[in-house]
Amino acid sequence: MDEKIHLDLQDFSEEQFMESFLKEIQSEEAVFILGIFLALALVVLTVVFFGNFWGSSKARNAVLLLGLCDSGKTLLFTRLLLGKFVRTQTSITESSATYKSKDDRGGSWTLIDVPGHESLRVQIVEKHKAVARAVVFVVDSSIFQKDVRDVAEFLYSILTDNIVAKNAPTLVVACNKQDISMAKSAKLIQQQLEKEMNTLRLTRSAALSSQDGAVGGSVYLGKKGKDFEFSQLPNRVEFIECSARGSKDDGGADIDAIEKCLAKL
């Protein structure tokens with residue numbers, strides 16, 4: 001047996017051994033290098049995927065308080081943050097602060113009070129719309145019948161914006177000042193807004209010239225061939241009733257419905 005092994009080793013020359021050894025090493029190196037490239041590619045794809053997934057939601061951490069002048073936005077802003085009545089005046093600049101939701105998760109958002117005057121709000125909305133996780137559109141329920149056209153035009157401009165339509169932030173229409181006897185209900189306000197916004201869509205449809213309905217940074221609102229309804233939007237939409245002031249300066253406010261909406265974000 002020993003003699004056979006000795007002969008086999010003699011037959012297998014040193015040159016053949018080295019050649020075989022080098023080929024094996026080269027083959028292993030190629031597999032190793034390929035494995036490294038595949039691992040790096042997997043890491044990059046994972047980072048990109050989760051970066052987009054988390055970034056799209058975490059980057060959009062703002063809640064915009066929108067509405068016409070004197071709708072009660074600023075008082076609602078202070079109620080949500082401080083939990084008490086604070087005398088306010090018409091805003092001429094934006095205000096922002098961190099709001100912590102009233103739920104077990106304890107999520108926090110940047111609450112931004114946007115002035116209601118048209119000359120001021122356009123630029124501020126443009127500045128923050130890309131990071132809006134939700135829009136709280138405040139309506140003065142006590143004089144809604146008088147303001148319905150202006151409210152509809154403002155809301156229409158927000159919802160037909162390309163970036164807003166793409167991100168589809170939660171829309172909460174806060175029907176404020178429900179403590180006033182002449183206040184309209186949330187249901188009635190929703191119905192009248194749908195009717196008014198349907199009329200707006202018809203009068204502005206001539207400007208929508210492209211096939212997909214987008215022109216000049218606007219998108220088609222709702223579904224073509226059907227009267228507009230908020231249920232047609234990709235956004236989660238809620239109409240709620242609230243009273244930021246209440247019947248007395250030191251109490252009586254009703255903002256629970258808004259706080260519950262914000263807790264769902």
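1. A pocket is an open set of points on a 1 Å grid over the protein atoms alone, with protein on both sides within 12 Å along at least five of seven lines. A cavity is a set of points where a 1.4 Å probe fits but cannot get out, and lining residues have an atom within 4 Å of a point. Grid points are joined across faces, edges and corners, and a volume is the space filled by probe spheres set on the points.

2. The model is predicted: local features need pLDDT of at least 70, side-chain atom pairs count only at pLDDT 80 or more, and totals for chains, interfaces and linings use all residues. Residues are numbered from 1 along each chain as its sequence is written, and side-chain values use heavy atoms, with hydrogens and water left out.

3. The largest pocket has a volume of about 400 Å³. It is lined by 22 residues, of which Asp70, Gly72, Leu75, Thr88 and Lys177 are the closest to its centre. Helix α3 (residues 73–82) gives the largest share of this lining, three residues; helices (H or I, at least four residues) and strands (E, at least two) are DSSP runs, numbered from the N terminus.

4. The second largest pocket has a volume of about 320 Å³. Among its 15 lining residues, Arg121, Val122, Phe154, Ser157 and Ile158 lie nearest its centre. Both α4 (118–128) and α5 supply at least two residues of the lining.

5. There is one cavity of 30 Å³ or more, and the largest cavity holds about 50 Å³ of space. Its lining includes Leu68, Asp70, Val138 and Asp147. β4 (132–140) and α5 (144–159) each give two or more residues to this lining, and β4 gives the most, with three residues.

6. Six strands form an open sheet with mixed pairing, in the order β2-β3-β1-β4-β5-β6; two strands pair if DSSP finds at least two bridges between them. β2 (95–100) and β6 (237–241) are the edge strands, each pairing on one side only. β5 (residues 170–176) and β6 run parallel and are joined by five bridges, and Val172 stands opposite Glu238 in β6.

7. Which strands does α5 touch where it packs on the sheet? They are β1 (62–67), β4 and β5, and the direction of α5 makes about 165° with that of β4. Contact means heavy atoms within 4.5 Å; axes are lines fitted to C-alpha atoms, for helices over the stretch in contact, and angles run from 0 to 180 degrees between N-to-C directions. Helix α7 (residues 186–204) also packs on the sheet, touching β4, β5 and β6, with its direction at about 135° to that of β6.
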